[in-house]
Amino acid sequence: MQVKDDLVPSFDKAPDLRFTSLSSSGQVVEHKEHLTPPETPVDFVQEPELLWYKVRRHLQEPFSEFFGTMVMILFGDGVVAQVVLSDETKGDYQSISWGWGLAVMIGVYVGQKSGGHLNPAVTLSNCVFRGLPWSKFPVYFIAQLLGAMAGAFIVYFNYRLAIDNFEGGPGIRTVGRNTSSAGVFCTYPAPFMTRGGMFISDPWTGRKLGDYGGNV
C-alpha cells in the first residue's frame, strides 16, 4: 500500500495537538497542546585513540614473545647460576633439569598469545611447515632476541657479586676454566669433542643430551 506524503507526520516543526472535551455545563471545550519535537540525534564524536592502545593492539604477539622468552631465560639461567656459583651446594644437575623444564613451561604460558615459540628455530619451523606468515619471522626473531638478552641481564645483575667471588675478583670473566661463569649463560664444547661430534651432539641429539654428553 502506498502512503501519501501528506499523510506522513513530519516533526521538522513542533506540531500542535488539538482535542476536545465536555465541560460540566455541557459545553464542548477545545484544547490545544504544543508538542515538543524529538531531539535531533547528536553525532558521536570518537576521541583519538591513545598511542599505547595502538601499540598494544599491533604488537601483542611480539610483546608475547619478548616476555615469554625473558621469563624462560630468567628462570633457566637463574637455576644454573644458583647451582654453578654455589659449587653445587645449592643444587645439582637435577635442579637444573627441573628448573629449565619449569622455565620453558612458564615461558610458554606467558607467551601463549603468539603461540609461545620462544626460539627462532621454532618460528622458522612454523613458517616452513605450518603456514605462519614469513612477515612475522623477523618480528618474532627480534622480540625473542631482546627478551633473551633482558632475561640474561636480570640474572647477571642479580648474581654479579656471586660471579665476582666465583671468578676470583671483581670484573674477572673467563671461559673454559673450573671457575668460569660463562657456562651460566651458554654451553661450550668439551676439549675432547671433535667438530663432527659437536655437529651431531647439539643440533641432532637434543640440547640436554648434548649438554650431558659433550659440553661443559
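## Where to begin

Which residues does UniProt list for "transmembrane region"? The unreviewed entry gives two stretches, residues 66–85 and 139–159. Keep in mind as you look around that this is a predicted model.

## The overall layout

Let's step back to the whole chain. The protein chain has 7 helices and 2 strands. Followed along the sequence, these elements read β-β-α-α-α-α-α-α-α.

The protein chain has 216 residues, and 26% of them count as buried. Among contacts with a separation of 6 or more, 50% are between residues 24 or more positions apart.

## The largest nonpolar core

Now for the inside. The largest nonpolar core is made of 15 residues, and Met 72, Val 80, Ala 81, Leu 85, Ile 96 and Trp 100 are those with the most contacts inside it. Helix 2 (60–85), helix 3 (93–110) and helix 5 (136–167) each contribute at least two residues to this core. Helix 2 gives the most, with 7 residues.

Leaving aside residues up to four places away in sequence, Met 72 touches Trp 100, Ala 103, Val 104, Gly 107 and Leu 118.

Definitions and conventions. Residues are numbered from 1 along each chain as its sequence is written. This is a predicted model: local features need pLDDT of at least 70, side-chain atom pairs count only at pLDDT 80 or more; totals for chains, interfaces and linings use all residues. Side-chain values use heavy atoms; hydrogens and water are left out. UniProt positions are given in the numbering used here, feature names are shortened, and annotations may be inferred rather than shown by experiment. A nonpolar core is a set of buried Ala, Val, Leu, Ile, Met, Phe, Trp, Tyr and Cys residues joined through side-chain atoms within 4.5 Å. Buried means under 20% relative accessible area, exposed over 50%, partly exposed in between (1.4 Å probe, protein chains only). Helices (H or I, at least four residues) and strands (E, at least two) are DSSP runs, numbered from the N terminus. Contact means heavy atoms within 4.5 Å.
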